Amino acid sequence: MRLSITNLQVSFGERRVVDLAELAVGEAEIVGLAGDSGSGKSVTTLAVLGLAHTVGATVSGSIRLDGAELTGLSHREMREVRGRRIAAIFQSPALAFSPVYRVGSIVHRALRLHGMTRAEAAEAAERAMRQVLLPPGLLDRYPSQLSGGQLQRVAIALALALHAEVLLADEPTSALDVTVQAEVLELLRELRDRERMSVLFISHDLAVVAELCDRVAIMQHGSIVEQGPTSQVITAPASPYTAELLASVPRLAAGAGQ
Amino acid sequence: MIVYVARRVALAGLVVAGVIVLTFAIAHLVPGDPAATWAGPHASAAQVAAARRYLGLDRPPAVQLLSYFGGILTGNWGIAIHTHRPVLSDLAVVAPASLELVTAAMIIALVVAVPLGLISARWPGRASDHVIRAGSILGVSMPIFWMALILQLVFAQRLHLLPVAGEYSPSLLFTHPLTRLTGFGLIDAPLTGNWPMFGSILGHLLLPAVVIAAYPAGLLTRMIRAQVLDTIGDSHVQMVRSLGFSERAVFGRFAMKLAWNPVAATVALVFAYSLVNTFLVEAIFDWPGLGSYTTASITSLDTPAILGVTLFIALVYVVANLAVDIFQAAIDPRIRLR
Amino acid sequence: MIEAPSTLPAADARLPRGQALRRGLGANPLMVVGALMSALIVVIALLAPLLAPFPADAGSATHPFLVLHPPSAQHWFGTDNVGRDIYSRVLYGARISPLIAVIVLAISCAVGIPLGVAAGYFGGWLDETIMRVTDIFLAFPPLLLALALAAVLPASITTVIIVIALTWWPWYTRLIRGQAASVAGRPYIDSCRALGISRWRIIFRHILPNSITPLIVQVSLDVGGVILTVSALSFLGLGAQDPTPDWGLMVAEGQDYFLTSWWVVTFPGIAILVTAFAFTLLGDGLRDLMDPKRIFLR
């Protein structure tokens, strides 16, 4: 398994918010992490990125990338992993890009940070933009001039250009229209198939998770209550919580087994 | 963008008109009869009356205001009593030295404020934060004229590290006389290759510039800290972190970029404020700028000169505000794209 | 019967008032220092006649045989150019600058609040006119306008009070106007109007209380600024005159003797610095305390 998380515990002082026994994402696989808001999903993303301390949380447990342990790495070593090997996209793409930088500027800086020359960066950025079906000229625009969908695709392009192995997608479509949502989901599928990326797709929307993910893990109050192939979990949920979540999605309950 | 600039300029023009009217009002607050003062204590009634006609004081106030307005716009700002020269030409001579001084002070202030503000923001609540905060409040609470005297005593008089007063070493007047092209010593000296003079001016500039830098440094440190802390929780900062940038880049480059906007605005405002602070500092260091001119004018009750300086600085302030508005719209696209 | 909506709850009503206060104070030791220092200065001002060893020296006493004595056991801060005890004069000086500051700020509020509320609540041409006038006054950096006015008026403490107040009121008008306008724009004010509540009642019971908090913070921050402006004007000779023991005046008077008698200038200056510092520290802490989006630091 490319990314394997074992016995992950994240706490804010005394309060433990995540107690994850096991979660893994393999190569060329999309794993969904579903559950209500507040179940600790986003904090898990931060923990994997090694950024939990920036919100005041402490982390214990094991996070392995291709077998190598991440939790013991120094800050400098972790910075090399971040972005380059593990990329992330966030919920509000309009807020994720700094409003005073041109979008391309952030992309170029990130690429150059991870070792590319100016020419290489320019080329990689352009290529990645075409892969996400955006005209490279959009890189010259400011975030306020691009739509949410376009910005999210730029974020994905960035992960592509860096040839990240793992993509952590934290509610990437929640702030987007349904039609735009479909495009982004299609892109994620391409990342899995063409780039063989491991994608951890976090969402509270079980319908989207069911549609996109190969395997799914259901999270409640910081622990995983159920895990398995999507079709299995959706049609034959083992946990009562999963059944509750399914019941609250009218479309699925009616058309289960699609 | 052009519409935005045009709108701002028009508004600034309106304010300038109001400023001129206000200055006129102040000029006419002077108690006593200006004509009598002008004619002198032994003048006869007929002479005072003639003086009144000559000075245009027998016309209705509205007409006087209009002629004052016209005078200002055509460059007639009156004659300074203590120099017997047109106020505007006096200002042209003394303003550059003060502008030099305040610019140097701003640079010193930024060089101090940016790192200290960033350090405060990076480790908020720790001892370093409290010390820096106390320091910045000390800076804005400093009585400038007192600081000037103390620094002069300690560094110049007692330690002989820096020159006591003046714009440059007087002996250089003979060995390396300075040719004035622009009026700015620090520009003219390098332009004419007069390096000894350049060094001397810099040395003499240092103490007064440090004194004037105290207030802006304190203000800007606090502001940078506040701005950076304000943005550090935003998603885009977390995004940049997730890309692998170091904390130093996150704070110093990305968070700071958002802070430049309000910092630039503050620098412009504090620039004009500091020009006024020169009144309290220049005389002590014998720096030949607006401050020394104003102090001399106050002592000799030279109203036209005082009002000329007032008008000048107010205009600088309005222009500075205008420049800031346009600058902000330029670097923060959200403003002009609104 | 339908009751009029009450005023909005306080910004951080999530925590019980006392707990929020204590936590704020703990995170801000500097503010406590500022508060203590300010209180001390007020006490000194009130008790000056009792604390000063030579109360007469605060006036026009002259001691030809004690001229320019360095600090000693008898005269802790030394004597000035006519032999007066500087320590006593500095103590009495604590009555002047802070008092002027209080009067100035009171006048500025008295003028600024009504104008600001009127501009913010009524809007329209009243708002435009008031804003343009404040724009013009605000085109002058604070000390400049005060100085220009003080230069044409006779030098005295009264002049200083008037000119600084004239310089300060526009800031408060602006501040209150912004707050009043935003409060007036809130939906619940509309419902007040719809219920037929008189506009005066709306202004006094709803607009005013909700606009006042930033003003309180600003005033506490401005005390230091006014004290500095007062001493600057006195230093330039435009304010208090001899024999008043105004600190700025003392520094000006001591300038000529400064290079040989450092104490004449140093101690009054330290007094200005410490006073401005104390009140600004207090004001800064208050601002942090009242900030509705106060970041709870780790």
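# A tour of the predicted model

Start at C:Pro243, which lies in the loop between α9 (199-235) and α10 of chain C. Select C:Asp242 along with C:Pro243. The peptide bond from C:Asp242 to C:Pro243 is cis, and its omega is near 10 degrees. Most peptide bonds are trans. Remember that this is a predicted model. Its scores are ipTM 0.86 and pTM 0.82.

**Colour chain C by confidence**

Stay on chain C. Its mean pLDDT is 82, with 88% of its residues at 70 or more. Which helix of chain C has the highest mean pLDDT among its elements? Select residues 247-254: this is helix α10 of chain C, at 92. Now select residues 17-27. Here is helix α1 of chain C, whose mean pLDDT of 62 is the lowest among the elements of that chain. Next, select residues 1-14 of chain C. Over this stretch pLDDT stays under 50. The model gives residues 1-14 of chain C 19 contacts beyond four places in sequence.

**Where chain B meets chain C**

Select helix α1 (residues 2-27) of chain B and helix α5 (residues 124-138) of chain C. Their axes lie 9 Å apart, and the two helices pack at an angle of about 70 degrees. That angle makes α1(B) roughly perpendicular to α5(C). The crossing of α1(B) past α5(C) is right-handed.

Show the side chains next. Which residues make the contact? From α1(B) come B:Val15, B:Gly18, B:Val19 and B:Leu22. From α5(C) come C:Asp135, C:Ile136 and C:Phe137. Sorted by class, the contact of α1(B) with α5(C) has 5 nonpolar residues, 1 polar and 1 charged.

**A helix pair within chain B**

Zoom in on the contact. On the α12(B) side, select B:Leu275, B:Thr278, B:Phe279, B:Glu282 and B:Ala283. On the α13(B) side, select B:Leu290, B:Gly291, B:Ser292, B:Thr294 and B:Thr295. How do the residues of the contact of α12(B) with α13(B) divide? There are 4 nonpolar, 5 polar and 1 charged.

**Chain A as a whole**

Hide the other chains and show chain A as a cartoon. Its secondary structure comes to 11 helices and 10 strands. The radius of gyration of chain A is 18 Å, close to the 18 Å that the globule rule gives for 258 residues, so chain A is as compact as a globular protein of that length.

Colour chain A by pLDDT. The mean is 87, and 97% of the residues of chain A reach 70 or more. Then select residues 253-258 of chain A, where the pLDDT is below 50. Beyond near neighbours in sequence, this stretch has 2 contacts in the model.

Most residues other than glycine have a negative phi. Select A:Asn7, in strand β1 (residues 3-12) of chain A. The phi of A:Asn7 is positive, near 50 degrees.

Finish at A:Leu133. Where is A:Leu133 found? Look in the loop between α5 (118-131) and α6 (148-161) of chain A. The phi of A:Leu133 is near 65 degrees, a positive value in a residue other than glycine.

Note on methods
Residues numbered from 1 in each chain as written. Chains lettered and ligands numbered in written order. Predicted model: local features only at pLDDT ≥ 70, side-chain atom pairs only at ≥ 80, totals over all residues. Heavy atoms only, no water. Axes fitted to C-alpha atoms, helices over the stretch in contact; angles between N-to-C directions. Helix = DSSP H or I, 4+ residues; strand = E, 2+ residues; numbered from the N terminus. Parallel < 35°, antiparallel > 145°, perpendicular 65-115°, else oblique. Left-handed = near helix turned anticlockwise from the far one by under 90°. Contact = heavy atoms within 4.5 Å. Nonpolar A, V, L, I, M, F, W, Y, C, P; charged D, E, K, R; others polar. pLDDT = per-residue confidence, 0-100. Rg over C-alpha atoms; globule rule 2.2 N^0.38 Å.
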